[in-house]
Amino acid sequence: MPASPVPAPIKLITTMAGLAVTCALLTACGADSSDVTYKAWTEGGNLQSVRHDYTDGLNGAVSVPAKVSGANWSTREDGGHAPRLKVTPTDNGVAHCLLMEGDGRVLDQRKGAAGQPVTCSAQR
């Protein structure tokens, strides 16, 4: 006995459901995510200053000093096409910087010399 044909409305609903699942999976995996995690830390000292570049909606790319205290700082923002992070330690501390995509992929990571600033940057 031959199989009955599937009515057109059911085919349409099935196709739309498949597309919705695909879109949801792509979004959950971070497709087209512009979020960047900016991390700064020091060894043997504290953070003296941190400056990071990110995209601020209609204002475009901005570079701002961060409010820091202690040896660690981090934020997650829209990094745009060229995220950048400059970290300066106190005294003879060793500064570190890290830029990481929303999916966990490292864009740039650096360790500075004692008492010297270090800069991480990336082109996306």
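**Figure 1. Salt bridge between Asp 108 and Arg 110.** In this predicted model, Asp 108 and Arg 110 are joined by a salt bridge whose closest N and O atoms lie 3.1 Å apart. By the rule applied here, the model has 4 salt bridges.

Figure 2. Glu 101 counts as buried, with a relative accessibility of 11%. Arg 105, in contrast, is partly exposed, with a relative accessible area of 46%. Side chains of opposite charge can pair when their charged atoms come close.

Figure 3. Strand E6 comprises residues 94-101, and strand E7 comprises residues 106-111. The two strands pair in the antiparallel sense over 5 bridges. His 96 has Lys 111 in E7 as its bridge partner. Between the strands of this hairpin lie 4 residues. Gly 104, in the turn, has a positive phi of about 95°.

**Figure 4. Salt bridge between Arg 76 and Asp 35.** The closest N and O atoms of Arg 76 and Asp 35 are 3.4 Å apart, forming a salt bridge. This pair links distant parts of the chain, with Arg 76 in strand E4 (residues 72-78) and Asp 35 in strand E1, 41 residues apart. Arg 76 is partly exposed, at a relative accessible area of 47%. Asp 35 also counts as partly exposed, at 30% relative accessibility.

**Figure 5. Open sheet of four strands.** The sheet is built from 4 strands in the order E3-E2-E5-E8, with antiparallel pairing. Its edge strands are E3 (61-65) and E8 (118-121), each of which pairs on one side only. On average, neighbouring strands of the sheet are turned by 10° against each other, direction ignored. Strand E2 (residues 47-55) is joined to E3 by 5 bridges.

**Figure 6. Largest nonpolar core and the surroundings of Val 50.** The largest nonpolar core holds 17 residues, of which Tyr 38, Val 50, Trp 73, Leu 85, Val 87 and Leu 99 touch the most other members. At least two residues of this core come from each of the strands E1 (35-43), E2, E5 (84-89), E6 (94-101) and E8. Beyond its neighbours within four places in sequence, Val 50 contacts residues including Ala 40, Val 64, Pro 65, Val 68 and Lys 86. Trp 73, Leu 85 and Val 87 are also among the contacts of Val 50.

**Figure 7. Confidence along the chain.** The mean pLDDT of the chain is 83, and 73% of its residues reach 70 or more. Over residues 14-31, pLDDT stays under 50. For this segment, the model has 2 contacts beyond four places in sequence. Where pLDDT is low, the predicted coordinates should not be read in detail.

Methods:
Residues numbered from 1 in each chain as written. Predicted model: local features only at pLDDT ≥ 70, side-chain atom pairs only at ≥ 80, totals over all residues. Heavy atoms only, no water. pLDDT = per-residue confidence, 0-100. Contact = heavy atoms within 4.5 Å. Pairing = 2+ DSSP bridges. Axes fitted to C-alpha atoms, helices over the stretch in contact; angles between N-to-C directions. Core = buried A, V, L, I, M, F, W, Y, C linked by side-chain atoms within 4.5 Å. Buried < 20%, exposed > 50% of the residue type's maximum accessible area, 1.4 Å probe, protein only. Salt bridge = Lys/Arg side-chain N within 4 Å of Asp/Glu carboxyl O.
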